[in-house]
Amino acid sequence: MKTHELLITCALLLVATTGAKAQATLTRVSSGDIVTNTAATFTGSAWGDFNNDGFLDLFVCTWDGINILYLNQTNGTFTRVIQGPAFQDSNAHNCPSPADYDNDGNLDLLVAAGGFADSAQSPVLYQGHGDGTLTPSSASINTITGFFLAAAWADYDNDGFVDLFITNEGDPQSSGGSNMLFHNEGNGSFSRISNGAIVNDIMASRCALWADYDNDGLMDLVVINANPRNNFLYHNNGHGDFTRVLAFRRAARRLGRF
């Protein structure tokens, strides 16, 4: 290799190394409400642009306390919001899950509640108004009760409206509860799905995540359960039908994938 080529190569390596280090550098923020506010137990958080200003805001749940919304001031600081219906109740909140369920361009929010509580509680679906305010919706989701820990949104039937799955830990004396799947009817209302293993398998479910793992254009679902129990994987067959996967690895081996 010629000298000038070696120098160029070394220079490129130096730039690449410097760039990699720069990208990996994080500075801990030690001031501001987000890092100085305290609560007995923070249980979940979610980023979302709740006031449509193009900057992400932060919603934080507390267990047995009020929730908090931190509005992004676009300059690296946040303003704490604790006024309004979404911040007044003191249920056993667990995890917030944002989505625009009514397709009005404003981010809405589902707050799961009841997990690890002594008595069943209701999750709350809040409708966002695009200005940082959230008010309880009239959806039937707000009337169910259980010991809910988390929720996950996805348009499982590809009708253009996101549907909702909520995990149910079950009461402290049980071995688990029935999870819940709600189909979005596209008019602000939801229909609770009562058939199929996806809502009838009993387990202490903690969290759930939608993903199209087989690239067939349909969202599948994984449900994480408390140890030492098995997790659930549901394959979306289309038309609202799900099959619980019991032998994926063995079948995959036969196909030569593993």
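A search of the whole structure, which is a predicted model, finds 1 cavity of 30 Å³ or more. The largest cavity has a volume of about 30 Å³. Which residues line the largest cavity? They are Asn67, Asp89, Asn91, His93, Val111, Ala113, Ser122, Val124 and Tyr126. Two elements give two or more residues each to this lining: strand S6 (108-113) and strand S7 (124-128). Sort the lining of the largest cavity by class, and you get 4 nonpolar, 4 polar and 1 charged residues.

The largest pocket has a volume of about 190 Å³. Its lining is made of Val29, Ser31, Gly32, Asp33, Ile34, Val35, Gly76, Thr77 and Phe78. Which helix gives the most to the lining of the largest pocket? Helix H2 (residues 33-36) does, with 3 residues. By class, the lining of this pocket has 4 nonpolar, 4 polar and 1 charged residues.

Stay with Val29 for a moment. Val29 sits in the loop between helix H1 (3-24) and H2. Is Val29 buried or exposed? Val29 has a relative accessible area of 54%, so it counts as exposed, the cut-off being over 50%. Val29 is also part of a nonpolar patch on the surface, together with Ile34 and Val35. The accessible area of these residues together is about 230 Å². Val29, Ile34 and Val35 are also among the residues that line the largest pocket.

Next come the charged pairs. Side chains of opposite charge can pair when their charged atoms come close. How many salt bridges does the structure hold? It holds 2 salt bridges.

One of them joins Arg206 to Glu169. Their closest N and O atoms are 2.7 Å apart. Arg206 has a relative accessible area of 34%, so it is partly exposed. Glu169 is buried, because its relative accessible area is 12%, and buried means under 20%.

In the other salt bridge, the side chains of Arg244 and Asp201 meet. Here the N to O distance is 3.8 Å. Again the pair links distant parts of the chain, and the residues are 43 apart. Arg244 is in strand S18 (residues 241-244). Asp201 is in the loop between helix H3 (197-200) and strand S14 (202-203). Arg244 is partly exposed, with a relative accessible area of 27%. Asp201 is buried, at 15%.

Now follow the backbone. Thr74 is placed in the loop between strand S3 (68-72) and strand S4 (78-81). Its relative accessible area is 42%, so Thr74 is partly exposed.

His239 also has a positive phi without being a glycine, with a value near 60°. Where does His239 lie? It lies in the loop between strand S17 (232-238) and S18. His239 counts as exposed, because its relative accessibility is 87%.

Finally, compare sequence with space for two pairs of residues. Gly65 is in the loop between strand S2 (57-62) and S3. At 16% relative accessibility, Gly65 counts as buried. Gly65 and Gln88 are 23 residues apart in sequence. In space, their C-alpha atoms are 8.6 Å apart.

The other pair is His129 and Asn52. His129 is found in the loop between S7 and strand S8 (134-136). His129 counts as partly exposed, because its relative accessibility is 38%. How many residues apart in sequence are His129 and Asn52? They are 77 residues apart in sequence, and 9.4 Å apart in space from C-alpha to C-alpha.

Note on methods: Residues numbered from 1 in each chain as written. Predicted model: local features only at pLDDT ≥ 70, side-chain atom pairs only at ≥ 80, totals over all residues. Heavy atoms only, no water. 1 Å grid on protein atoms, 1.4 Å probe; cavity = no way out; pocket = protein on both sides within 12 Å on 5 of 7 lines; lining within 4 Å. Points joined across faces, edges and corners; volume = space filled by probe spheres on them. Helix = DSSP H or I, 4+ residues; strand = E, 2+ residues; numbered from the N terminus. Nonpolar A, V, L, I, M, F, W, Y, C, P; charged D, E, K, R; others polar. Patch = residues over 30% accessible without salt bridge, like charges linked within 9 Å, V, L, I, M, F, W, Y side chains within 5 Å. Areas by Shrake-Rupley, 256 points an atom, 1.4 Å probe, with all protein chains shown as cover. Salt bridge = Lys/Arg side-chain N within 4 Å of Asp/Glu carboxyl O. Buried < 20%, exposed > 50% of the residue type's maximum accessible area, 1.4 Å probe, protein only.
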